[in-house]
Amino acid sequence: MRINRLFEKAERLVASGRVESLGGGVYNVVGDHGTYTVVQDYTGKLSCSCPGFLQKAKCSHVTAVMLMTKMKRRRKPRQTRF
């Protein structure tokens, strides 16, 4: 899968609400061919249960979680200190 296509698919997964945080660094991602679990380990590394990730160590599901968590960090309002 080309990198651009991987990002496009990941953006589509996020935009359509198919990425769900279950808490504790665990995410459910409803892909085109099934529902997969993306897990973040203690070092911050993400892994996915899909066959593509097991073969290539990258997939649109992991990319979608990275995009979603990046978007959430941007949306958090900054706290002002007094």
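Where does alanine 57 lie?

1. Alanine 57 sits in the loop between helix H2 (51-56) and helix H3 (60-75). Helices (H or I, at least four residues) and strands (E, at least two) are DSSP runs, numbered from the N terminus. Before going on: this is a predicted model, where local features need pLDDT of at least 70, side-chain atom pairs count only at pLDDT 80 or more, and totals for chains, interfaces and linings use all residues. Residues are numbered from 1 along each chain as its sequence is written, and side-chain values use heavy atoms, leaving out hydrogens and water.

2. Have a look at the backbone here: alanine 57 is not a glycine, yet has a positive phi of about 65°. Its relative accessibility is 56%, so alanine 57 counts as exposed (over 50% relative accessible area; buried is under 20%, partly exposed in between, with a 1.4 Å probe and protein chains only).

3. Valine 38 touches (heavy atoms within 4.5 Å) residues including Val26, Tyr27, Cys48, Val62 and Val65, not counting residues up to four places away in sequence.

4. On the cysteines: there are zero disulfides (pairs of cysteine sulfur atoms within 2.5 Å). For cysteine 48, the nearest cysteine sulfur is that of cysteine 50, 3.7 Å away. Cysteine 48 is buried at 5% relative accessible area, and cysteine 50 counts as buried at 4%.
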